[in-house]
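Trainee: Could we go through this model together, with the cut-offs stated as we use them?
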Amino acid sequence: MTNTQSYLDFKDPKVKAALSTWWEGLDEARGDRAMLRRCHSTTEVAFMPTYHRLRLSLERIGHVDPDRLALVAGVLSHLKENTRTKSTITFAQQLATPKKDGDHAAMSGLRFRRLLQVEHPDDLYQAMIRAVRLLGGAADIDTLANGVYWWNEMTKKNWAFEYYEKAPNED
């Protein structure tokens, strides 16, 4: 890796392609997916060979923070369907969207505010897995990966705007 590499940009088509290829590969390597799903922390994710395949493919594109990427890999292993091609809404907006036959957000406003308060990576790991499950395992891979990887005050603020734009009455 050279110092001229830029940080990962999850809007970059090369990053999207590498991430999608890796995630789709989990369907063929079900054992890898199962091992990732059994991980309880980002440290455990970092012990998995499939995580390192993702890390190495992305390091060819840009600078990778291994701890943040472990968080992304672990959360994405719980994703059953990538909604990128079906919808243009972000992950935060998906959390605000009512489930079928419902009139409340998939993730309640209270639970969403608790999510935004998460700081520690392993707490975020568990919270994001729960969020993916609330969506039935169907989410936009790019906005989910970007939000999890770049989890900071700006991400939280952007997610709050996106969530409450979609569900302004969610308490």
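Mentor: Buried means under 20% relative accessible area and exposed over 50%, with partly exposed in between, using a 1.4 Å probe and protein chains only. The model is a predicted one, where local features need pLDDT of at least 70, side-chain atom pairs count only at pLDDT 80 or more, and totals for chains, interfaces and linings use all residues. Residues are numbered from 1 along each chain as its sequence is written, and side-chain values use heavy atoms, with hydrogens and water left out.

Trainee: Does Arg33 count as buried or exposed?

Mentor: A salt bridge is a side-chain nitrogen of Lys or Arg within 4 Å of a carboxyl oxygen of Asp or Glu, and Arg33 forms one with Asp27, their closest N and O atoms being 2.7 Å apart. Asp27 is partly exposed, at a relative accessible area of 38%. Arg33, at 8% relative accessibility, counts as buried.

Trainee: Which helix holds both Arg55 and Glu59?

Mentor: Helices are DSSP runs of H or I with at least four residues, numbered from the N terminus. The side chains of Arg55 and Glu59 meet in a salt bridge at 3.1 Å, N to O, where Arg55 counts as buried at 18% relative accessibility and Glu59 is partly exposed at 26%. The two residues lie four residues apart, about one turn, in helix 4 (residues 49–59).

Trainee: Within what arc do the buried residues of helix 10 fall?

Mentor: The buried residues of helix 10 are Thr155, Lys156, Trp159 and Tyr163. Seen down the axis, they line one face of helix 10, because the directions from the helix axis to their C-beta atoms fall within an arc of 95°.

Trainee: Which helices do the buried residues of helix 10 pack against?

Mentor: On the other side of helix 10, Glu153, Met154, Phe161 and Glu165 are exposed. Taking contact as heavy atoms within 4.5 Å, the buried residues pack against helix 6 (91–96), helix 7 (109–116), helix 8 (121–134) and helix 9 (141–149).
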